[in-house]
Amino acid sequence: MEAEGGELYHRRLIDMLEALWGTGFLSPGGPDEVGRVVAGMHLGGKAILDIGCGAGGIDVALISNHGAGYVTGIDVEDTVLTRAREVISDAGLSDRIGCLKVVPGPLPFPPSTFDIVFSKDSIVHIPDKHALMREVFRVLRPGGWFIASDWLIGHDGAPSAEMAAYIAAEGLDFGMASPGRYREAMVEAGFTDITITSRNPWYRDTARSELDRLKGPVGQAAAKLVGQDFVDDNIGIWQRMIPVLDTGEHCPTHLKARKPQ
């Protein structure tokens, strides 16, 4: 997959992923998976930062389904932010969700700004997990939580040839880290109550269903928007992804950690 107009998440890719995962969603599972990420956490009235808000569906779910007080979504590209604002406006939530373009690097917020820092399958694009966790810790209020899902690699060191081929096919500047490296980054930042939960078994099955849908009616409908060649490219990505899911090298994961009081 190649960037278009200088952006990785260009309009054709957004249309393709929304056809597969639902309005405003650029990663698997839709609002149900958002619910599983935040399960057991009280979001009512909380100030939430969403790192990598994408097309806005996640932030709508955090407000509509989980009662968040206000969500600040950040991303690095204009096209996804434009789409996010459309999705948020259509949901009637522009007064409770704000979207901000940021540049890679330190988060542009004062210390102790947020009750919760959330992210769904976006921080895979940030290679320096230690720097990221320090920033997340800084902007959280004491007692606040980091709650995320992300796409991890199951081990340290170089990826297998199959994993390298899959990452190259994605073309999305993946900076995958192992569960051990995430834990180390969170511990060094000062977090406690750390949990790291593999979602590989769930996505291993879900990815096969997604591939069937891409080969069937969903792909046919998407082709009218993005072209059959683009759908075929995505089918090829899924065909490279499933084998590395099966080996466990590609390991979608839930992450939680608390900043002490």
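**A guided look at a predicted model**

Visitor: Let me start with one pair of residues. Which residue in E5 is the bridge partner of Phe-118?

Guide: In E5, Phe-118 is partnered by Ile-147. A word about names: helices (H or I, at least four residues) and strands (E, at least two) are DSSP runs, numbered from the N terminus. This is a predicted model, where local features need pLDDT of at least 70 and side-chain atom pairs count only at pLDDT 80 or more, while totals for chains, interfaces and linings use all residues. Residues are numbered from 1 along each chain as its sequence is written, and side-chain values use heavy atoms, with hydrogens and water left out.

Visitor: How many bridges join strand E4 to strand E5, and how do the two strands run?

Guide: Two strands pair if DSSP finds at least two bridges between them. Here E4 (residues 114-120) and E5 (residues 140-153) run parallel and are joined by 6 bridges. E4 also pairs with E1, again in the parallel sense, over 3 bridges. There, Asp-50 stands opposite Phe-118 in E4.

Visitor: What order do the strands of the sheet have?

Guide: Follow E3-E2-E1-E4-E5-E7-E6, which is an open sheet of 7 strands with mixed pairing. E3 (97-101) and E6 (192-198) are at the edges with a single partner strand each, so one side of each has no neighbour in the sheet. From one strand to the next, the twist averages 15°, taken between lines fitted to C-alpha atoms, with angles that run from 0 to 180 degrees between N-to-C directions.

Visitor: Now for covering. How many residues of E4 are buried?

Guide: Buried means under 20% relative accessible area, exposed means over 50%, and partly exposed lies in between (1.4 Å probe, protein chains only). E4 is mostly covered, with 7 of its 7 residues buried. Take Ser-119, which is found in strand E4: its relative accessible area is 0%, so Ser-119 counts as buried. Contact means heavy atoms within 4.5 Å. Leaving aside residues up to four places away in sequence, Ser-119 touches Asp-50, Ile-51, Ile-147, Ala-148 and Ser-149.

Visitor: And helices? Which residues of H2 are buried?

Guide: An α-helix has 3.6 residues a turn, so residues three or four places apart point the same way. In H2, the buried residues are Gly-30, Glu-33, Val-34 and Val-37. Looking down the axis of H2, you find them within an arc of 105°, so they line one face of the helix. That arc is taken over the directions from the helix axis to the C-beta atoms. The cover over these residues includes H1, H3, E4, E5, helix H8 (200-215) and strand E7 (250-258).

Visitor: How many residues of helix H3 are buried?

Guide: Helix H3 (residues 57-64) is mostly covered, with 7 of its 8 residues buried. Among them are Gly-57, Val-60 and Leu-62. The buried residues of H3 pack against H2, E1 (47-51), E2 (70-75), H4 (78-90), E3 and E4.

Visitor: What about a loop? Where is Leu-26 found?

Guide: Leu-26 is in the loop between helix H1 (11-21) and helix H2 (30-37). Its relative accessible area is 16%, so Leu-26 is buried. Beyond residues up to four places away in sequence, the residues that Leu-26 touches include Tyr-9, Trp-21, Gly-54 and Val-80.
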